[in-house]
Amino acid sequence: MQFSGGMRKKLRLGGDQRKASYPHSLQFYLEPPSENISLIEFESLAIDRVKLLKAVENLGVSYVKGIEPYQSKLENEIRRLKFSFRESLEDEYEPRRKDHISHFILRLAYCQSEDLRRWFIQQEMDLLRFRFSILPKDKIRNFLKDSHLQFEAIPFADALDLFRGRKVYLEGGFAYVPLRDIVAIVLNEFRAKLSKALALTARSLPAVQSDERLQPLLNHLSHSYTGQDYTIQKNAGKISLDQIDSLSTKSFPPCMRQLHKALRENHHLRHGGRMQYGLFLKGIGLTLEQALQFWKQEFIRGKMDPDKFDKGYSYNIRHSFGKEGKRTDYTPFSCLKIILTNPPGQGDYHGCPFRHSDPELLKQKLQSYKISPAGINQILDLVKGTHYQVACQKYFEMIHNVDDCGFSLNHPNQFFFESQRILNGSKDIRKESIQPETPQPKPSVQKTKDASSALAYLNSSLEMDMEGLEDYFSE
Amino acid sequence: MATYDPAELPELLKLYYRRLFPYAQYYRWLNYGGVIKNYFQHREFSFTLKDDIYIRYQSFSNQRDLEKEMQKMNPYKIDIGAVYSHRPNQHNTVKLGAFQAQEKELVFDIDMTDYDDVRRCCSSADICSKCWTLMTMAIHIIDRALKEDFGFKHRLWVYSGRRGVHCWVCDESVRKLSSAVRSGIVEYLSLVKGGQDVKKKVHLSEKIHPFVSKSINIIKKYFEEYALVDQDILENKETWDKILALVPETIHEKLQQNFQKHHNSLQRWECLKKAISSQDIKNDKCGHWLELEIMLQYCFPRLDINVSKGINHLLKSPFSVHPKTGRISVPIDLQKVDQFDPFTVPTISSVCHELDAVSTNDEGKEGNEAESDIKHRTRGTQ
């Protein structure tokens with residue numbers, strides 16, 4: 001693929017040519033795209049696909065795949081994000097092209113580690129399975145034929161997993177696969193091919209990474225949080241310090257509850273904990289003055305010298321509120337960021353308890369929070385399946401005594417807001433939806449029209465990640 | 001027919017390997033037309049000599065070489081192994097890791113001892129005409145599947161010499177199959193699962209695969225005579241308790257009573273069938289399946305997966321002699337499986353005796369004809 005600097009070039013094909021390049025609503029992504037696109041489009045296509053795959057993941061753990069309501073919910077997501085999924089009367093060219101290009105971009109971003117690869121393959125497979133499931137039968141034959149996959153009769157040695165358990169009919173050395181089982185074979189083929197492709201992509205990554213326009217973008221994508229960023233403190237000043245203890249048990253997610261408890265007990269938190277908890281408190285509405293007071297009070301209880309606090313720590317707190325130095329207003333950490341980066345070590349209390357705690361300890365912790373044994377088991381099962389955020393949602397449901405939390409958890413501050421909403425009614429706190437349909441004071445990435453400012457935004461948030469407040473916050 | 005005396009084996013083998021062993025046909029088989037270079041030369045044979053001395057990695061340059069060695073060594077047992085990457089008898093000169101088994105026939109070993117839990121007449125190494133039917137059914141069922149389901153064309157069934165049968169599948173593509181596929185084939189052909197600690201060894205699913213239904217049809221032809229008459233599986237309380245262990249407890253009492261009222265296994269089997277399909281059973285499965293599961297547990301072939309899956313596995317060679325019984329591992333005519341009687345298989349003593357008798361009676365000239373005559377009978381029709 002070629003990238004042009006600023007101008008947006010759209011490939012213009014005639015109607016028939018367009019149909020010919022993407023004859024089917026689904027594809028195996030065998031050939032990489034070969035057009036020119038702008039960096040803006042590169043970025044926006046990629047982000048949309050990340051959103052789509054995240055939706056696929058969330059729906060996949062919340063509902064049973066293959067039946068309602070999973071089917072219609074997933075269809076809505078795909079429609080909303082304007083990806084291809086079904087043969088329709090309208091021109092399907094754009095959605096299919098979007099599907100094609102965005103898939104290949106994400107290969108670049110997700111080939112880099114075993115975890116990322118596994119996640120990517122899993123979601124892509126689920127997506128393909130869904131699309132396959134809604135293909136009308138006559139279209140299936142055509143699709144398979146075009147994909148050069150043979151199905152009428154497979155030599156038995158090529159269908160080992162099907163014939164060994166007598167799942168297919170064997171005759172004359174050939175396995176005859178019923179149409180519905182073809183999906184299983186197709187998906188296996190797809191998984192094998194994609195896995196290989198990702199491994200190859202990873203090897204050619206250095207070449208891509210040397211392009212400095214792409215490097216930050218790709219890094220950001222795989223760690224991206226694409227929803228509310230909670231920097232806007234709609235409720236600044238509405239929390240008083242003496243409420244925090246009770247709020248920590250009622251409305252804080254377990255990660256923050258545990259940080260608060262550790263702070264109260266030890267009168268101290270190490271760097272990672274101060275970052276994660278401090279920014280969270282900012283997000284729930286603590287003002288700078290309140291924050292300074294809060295931390296100072298606690299640290300002094302730990303026999304810290306008040307002057308030392310003023311000299312060392314208060315500067316840093318002001319910095320994190322954007323009142324010092326670069327004056328970047330740092331955003332509270334999303335769940336993804338907490339789960340994927342900076343794992344806690346000995347003496348640390350930050351991180352995600354569902355991800356970073358030993359299951360036994362997690363169980364004890366949940367018991368101490370008075371969660372029922374049945375609830376604890378469900379949570380532990382979800383943790384075993386690496387669905388950490390869904391496990392947290394389950395915790396939310398248990399402590400608020402609701403069947404369905406009604407949201408897809410992505411951010412600790414979201415947890416807090418949703419909790420307050422239930423406990424206080426929706427008067428004061430507006431429900432912050434994850435999809436930024438409402439205009440944000442800070443332009444979110446996908447609405448940026450200007451390439452340079454889009455990159456600048458990305459660069460700044462990355463700087464925050466990468467520069468780290470190491471210089472200021474080192475022990 | 002002269003009775004076989006193991007003490008005479010060395011002498012008998014000398015004669016057998018000089019005058020009776022079918023070297024030409026044997027070589028023709030294993031050479032496979034000479035299409036692949038060194039195919040025969042890279043084949044492993046193993047010999048078991050007198051006093052249980054066992055030597056592996058024997059290989060031969062041609063038929064003459066094979067003949068000479070066998071006559072020199074006089075092996076009690078001969079096994080056939082895989083075709084390797086190098087001449088097996090030079091494997092020590094090959095770089096470590098380079099000496100690999102590459103191809104071999106797909107083989108099956110069906111052994112009567114694996115059925116000890118379901119046959120009453122004999123146990124372990126013994127066989128009799130009453131339980132031999134198990135082998136008959138096994139050959140029909142497995143051979144049908146190999147031929148019709150898998151499309152295998154060149155299948156040789158051989159009497160093992162004592163208590164079972166072997167099958168050699170020799171198709172070119174089959175010789176190249178991986179260990180995984182061989183295992184998969186055995187899995188496809190398996191229905192009886194579990195050892196001593198498992199009572200009920202067969203569980204059918206809702207949908208019955210054609211392989212299973214075709215196998216059941218074969219078993220049905222033999223079941224009455226084999227199971228209800230010869231094996232008499234419902235003869236008395238001791239035997240019918242074993243069958244009751246396979247059906248739900250809810251009908252045990254009723255069946256015990258009914259069994260007492262009847263006189264033979266045939267009648268009791270009818271009772272059983274009626275009780276199983278009655279409404280009394282709160283089963284998630286149709287009672288009809290249960291009847292089939294019992295039949296399968298008592299009659300369906302039991303394969304040893306370890307024999308089939310390894311490419312380098314060594315198996316007793318056709319035409320070798322069984323040292324304990326003296327019987328020759330003869331091929332079984334697939335057209336006459338039902339008539340095959342292991343007790344009429346020639347022993348080494350009987351064929352040697354016949355040879356002697358012929359040579360003494362006729363002049364040397366006809367001796368050769370007599371030899372080939374005996375060879376023919378030994379081989380059966382292939």
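In strand β7 of chain B, G164(B) is the bridge partner of D111(B), where strands are DSSP runs of E with at least two residues, helices are DSSP runs of H or I with at least four residues, and both are numbered from the N terminus. Strand β7(B), residues 164–169, runs antiparallel to β5(B) and is joined to β5(B) by six bridges; two strands are taken to pair if DSSP finds at least two bridges between them. The model is predicted, with local features requiring pLDDT of at least 70 and side-chain atom pairs counted only at pLDDT 80 or more, whereas totals for chains, interfaces and linings use all residues. Side-chain values use heavy atoms, with hydrogens and water left out.

These strands belong to an open, antiparallel sheet of three strands in chain B, ordered β5-β7-β6. Because β5 (106–111) and β6 (155–159) of chain B stand at the edges with a single partner strand each, one side of each lacks a neighbour in the sheet. From one strand to the next, the twist averages 15 degrees, angles being taken from 0 to 180 degrees between the N-to-C directions of axes fitted to C-alpha atoms, for helices over the stretch in contact. Helix α4 of chain B (residues 133–149) packs on this sheet and touches β5, β6 and β7 of chain B, its direction making about 165 degrees with that of β6(B); contact denotes heavy atoms within 4.5 Å.

In chain A, three strands form an open sheet with antiparallel pairing in the order β3-β5-β4, the edge strands being β3 (154–155) and β4 (169–171) of chain A, each of which pairs on one side only. Three bridges link β4(A) in the antiparallel sense to β5(A), residues 174–176, and Y169(A) stands opposite Y176(A) in β5(A).

Technical notes:
Residues are numbered from 1 along each chain as its sequence is written. Chains are lettered from A and ligands numbered from 1 in the order in which they are written.
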